[in-house]
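Here is a short briefing to read with the model open beside you. Take the helix packing first, then the aromatic rings.

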Amino acid sequence: MSKFDVLAVGNAIVDIIARCDDSFLSENDIIKGAMNLIDAERAELLYSKMGPAVEASGGSAGNTAAGIAGLGGKAAYFGKVAEDQLGTIFQHDIRAQGVHYETKPDGSRPPTARSMIFVTPDGERSMNTYLGACVELGPQDVEPQVVADSKVTYFEGYLWDPPRAKEAILECARIAHENGREVSMTLSDPFCVGRYRAEFLDLMRSGTVDIVFANKQEALSLYETEDFELALSTIAADCKLAAVTLSEEGAIIVRGEERIKIDAFEVAEVVDTTGAGDLFAGGFLYGYTQGRSLEDCGKLGCLAAAIVIQQIGPRPMQSLRGAAALEGLL
């Protein structure tokens with residue numbers, strides 16, 4: 001028996017979210033729709049220029065873990081915070097979701113990571129992330145029994161930015177596979193793919209990663225092509241299973257020669273796209289670890305994503321389990 005459905009590993013980040021217009025992005029050299037890594041000085045500068053803001057626990061894999069728990073799954077999380085106010089907020093929020101989280105904080109320096117997220121009128125989010133304490137995550141934070149007890153270990157591609165996190169992920173993958181478990185990753189961001197393309201492809205082709213999540217732009221970036229069909233057929237050959245999200249067009253799931261197209265759920269208004277891909281992965285992995293069909297997994301992912309983009313912040317305030325039941329998916 002597995003104690004956990006999914007172990008998620010990622011950068012533990014508190015999001016600070018504010019609205020802005022497109023001119024603000026250009027005036028402050030912020031790449032729209034991307035995750036921009038910044039240092040402490042730029043973090044302070046951007047914070048000083050922000051309008052009224054909302055603080056919400058985030059971090060890509062943390063959002064996925066919260067989504068799985070929100071659907072009724074058993075989730076665990078590894079991620080590093082500091083002993084400071086934002087760290088306390090992050091710890092409280094993820095545990096309050098019912099996620100197992102016991103990673104030890106290391107003092108107050110560097111401080112807990114924060115991401116200044118600017119949301120433009122079209123709902124697109126542009127992230128400016130100071131990694132802070134995240135860079136301290138390493139092999140010493142791996143809880144071997146938790147990995148062994150998790151059906152799937154899932155990690156974010158963003159972890160390739162802090163150097164020692166790679167070692168932690170490779171150790172998790174080793175333990176997972178030794179115990180007959182699976183390993184999954186999200187490509188995270190087209191710019192992240194650009195930085196680590198060769199390493200991500202090696203993770204897939206070596207069998208270190210079994211299941212891959214990407215959006216269309218990330219899949220195209222991974223294979224340096226504008227031909228989406230080529231990207232789909234190549235990713236299908238490079239891993240056991242891949243789910244590629246297509247924004248308002250839904251998602252497509254590929255396994256070998258199999259192709260399953262999933263329609264998006266109707267959305268009244270796109271408020272903030274922060275967390276859309278994270279919640280898609282959460283819904284999909286919840287279904288996958290419950291033994292559901294790939295079509296149902298895709299529908300659960302699209303539903304969770306549709307719910308989160310209709311609010312500010314990356315963790316749904318609406319009951320995911322209730323929404324899935326209403327759609328006949330539970």
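Helix α3 (residues 60-70) and helix α10 (residues 276-289) have axes that come within 8 Å and cross at roughly 40°. That angle makes α3 oblique to α10, since angles under 35 degrees count as roughly parallel, over 145 as roughly antiparallel, 65 to 115 as roughly perpendicular and the rest as oblique. This is a predicted model, where local features need pLDDT of at least 70, side-chain atom pairs count only at pLDDT 80 or more, and totals for chains, interfaces and linings use all residues. Residues are numbered from 1 along each chain as its sequence is written, and side-chain values use heavy atoms, leaving out hydrogens and water.

**Helix contact**
- From α3, Ser 60, Asn 63, Thr 64, Gly 67 and Ile 68 meet Asp 278, Leu 279, Ala 281, Gly 282, Leu 285 and Tyr 286 of α10 (contact means heavy atoms within 4.5 Å).

**Aromatic rings**
- The structure holds 12 aromatic pairs (ring centres of Phe, Tyr and Trp, its six-membered ring, within 6.5 Å; planes under 30 degrees apart are stacked, over 60 edge-to-face, the rest tilted).
- Phe 90 and Tyr 101 are edge-to-face, because their ring centres lie 5.8 Å apart with planes at 75°.
- Phe 90 sits in helix α4 (residues 85-96) and Tyr 101 in strand β6 (residues 100-101), 11 residues apart.
- Phe 155 and Trp 160 are stacked, because their centres are 5.7 Å apart and their planes at 25°.
- Tyr 154, Phe 213, Phe 280, Phe 284 and Tyr 288 make up one aromatic cluster.

**Burial**
- Phe 90 counts as buried at 0% relative accessibility (buried is under 20% relative accessible area, exposed over 50%, partly exposed in between, with a 1.4 Å probe and protein chains only).
- Tyr 101 also counts as buried, at 0%.
- Both Phe 155 and Trp 160 are buried.

Key
Axes are lines fitted to C-alpha atoms, for helices over the stretch in contact, and angles run from 0 to 180 degrees between N-to-C directions. Helices (H or I, at least four residues) and strands (E, at least two) are DSSP runs, numbered from the N terminus.
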